Amino acid sequence: MLMRSKNTQNNLPRVNKRRLLQTPRGMKDILPEDFLYYDYLLQTAKKTLEFYNFRRCEPPILEKADLYNKGIGSNTDIVEKEMYTLKTKEEGEFLALRPEYTAGIVRAYVENGMFNWPQPVKLYSFGPVFRHEKPQAGRYRQFYQLNIESLGDSSPALDAEIILAAKVFLENLGFNHNELEISINSIGCHKCRPIYIRALTKYYQQHLKDICTDCKKRLKTNPLRILDCKNAKCKNVKEKAPNFLDFLCDDCRNHFKNVLDILDSLGISYVLDKTLVRGLDYYTRTVFEIKKKDKAGDLALAGGGRYDYLVKLLGGLDRPAVGVAFGVERIVDELKLMKKKLEYPKPKVFLIQIGDAAKKQAFILLEKLRKANISVESNLEKDNIKSQIKNADRVGALYSLILGQQEVLDGMIIIKDMVSGLQETIPFDRIIDELKKHLKETI
Ligand code: AMP
């Protein structure tokens, strides 16, 4: 006899239904009221960045995992611990959900021959990225980034332009420039970085007993990242660590000096932070972060820098580039704290219908109103007039239209002013003109 296992149905493992109805850890739904903020952010980005001649470009969410292994660096936290990878069923191809935008944009730049376009190619992107991090306040496993890149030119003017555009974007969103802090550093090039890393390693080796186990590990795998350590135990050692700026080669020093000079001439203030190195291996020369200053602790809103070798590393020509990525959720949370009020447009008119004949007419009338650009809402699933009037009030409509059995028979419709309560009955075919007249009067 065929037995059905207690735990399975059609050979599928039993599903914990409660779990089924929960998002994966560290991920969340973006509900309609929240999406207003995401939209506002994207619209502000579009207005600001397109004015600065950046154009939108969206690489796919899935890329070959090796693009990130190679591009971001196999010893970075992102690649080592945080990437969501999968193997496709048919081709057995290893893909990864993008943990950041830059590597994908660089691939797109090369694959689409953008190196033949007038340089620099200035692009922006907006969408979700995925990192399997430990979820905590302001840190998710799926979060949105707004990403800006300027590819194909090594001029310090482009580093400054990216920082300027980032700052203007945040100010256009409503941030006050006094509450933003730009920290900046230079982490050199292939020529001067090895010299600095040697000095840094030597210094840390002399202080092994005063640093955390993570730092001891980083010292072997990725010494520059040691400066990123937030462990209190390492604070003293970190503060006295050699400063990269003392080790920059002439080209890198000149580049950095030029970036700072331009920022000065633009009146953009910044703080030199000798411990700023960023968590991705591709950065060269300028690195920076934009924080919202806060008594309870600064909040990193954006981070970026130059990545002059990445295009070549991924198989393209020698093309320098610079970019920045913003954490959208953090900005959305800040906008809410600032009490930035955003709402969906309210319908100007609410259509109330009573009875089958009216319902049929109502459908046609709704479309007629929308075609005439009059925003309208209705409850075609309801028959009860009381609840429909309540809804007309709730949505804040200026006028409601009432279409009952008698009105349909007479070819008439009632128009009711929701503020004064006054109502009049008018011929059905004059409704658009009448409404337009009334709405003009209310504006
Ligand atoms: P990164 O791509 O690591 O340079 O990060 C750029 C920005 O993305 C940061 O400044 C944060 O605002 C934001 N960010 C990074 N990781 C997360 C995360 N796990 N959850 C939410 N936002 C994040």
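Predicted model: local features only at pLDDT ≥ 70, side-chain atom pairs only at ≥ 80, totals over all residues.
Two strands are said to pair if DSSP finds at least two bridges between them.

I begin with the division of the chain. The domain assignment gives domain 1, covering 32–192 + 248–337, and domain 2, covering 349–438. Taken over C-alpha atoms, the centres of domain 1 and domain 2 are separated by 50 Å.

Five strands form an open sheet in the order 15-14-16-17-18, and their pairing is mixed. At its edges stand strand 15 (376–378) and strand 18 (423–427), each pairing on one side only. From one strand to the next, the twist averages 25°. Strand 17, residues 412–417, pairs with strand 18 in the antiparallel sense over five bridges. Within this pairing, Lys-416 has Gln-423 of strand 18 as its bridge partner.

Helices also meet this sheet. Helix 13 (residues 356–371) packs on the sheet and touches strand 14 (349–353), strand 15, strand 16 (399–403) and strand 17. The direction of helix 13 makes about 165° with that of strand 14. Helix 16, residues 431–442, lies across strand 14, strand 16, strand 17 and strand 18, and runs at about 160° to strand 16.

Finally, I consider a pair of helices. Helix 2 (residues 32–51) packs with helix 12 (residues 328–337) at an angle of about 110°, their axes being 10 Å apart. Helix 2 is therefore roughly perpendicular to helix 12. Among the contributors are Tyr-37 and Leu-41 of helix 2, and Ile-331 and Leu-335 of helix 12. By class, this contact of helix 2 with helix 12 comprises eight nonpolar, no polar and three charged residues.

Note on methods:
Residues numbered from 1 in each chain as written. Heavy atoms only, no water. Helix = DSSP H or I, 4+ residues; strand = E, 2+ residues; numbered from the N terminus. Axes fitted to C-alpha atoms, helices over the stretch in contact; angles between N-to-C directions. Contact = heavy atoms within 4.5 Å. Domains from an automatic or database assignment. Parallel < 35°, antiparallel > 145°, perpendicular 65-115°, else oblique. Nonpolar A, V, L, I, M, F, W, Y, C, P; charged D, E, K, R; others polar.
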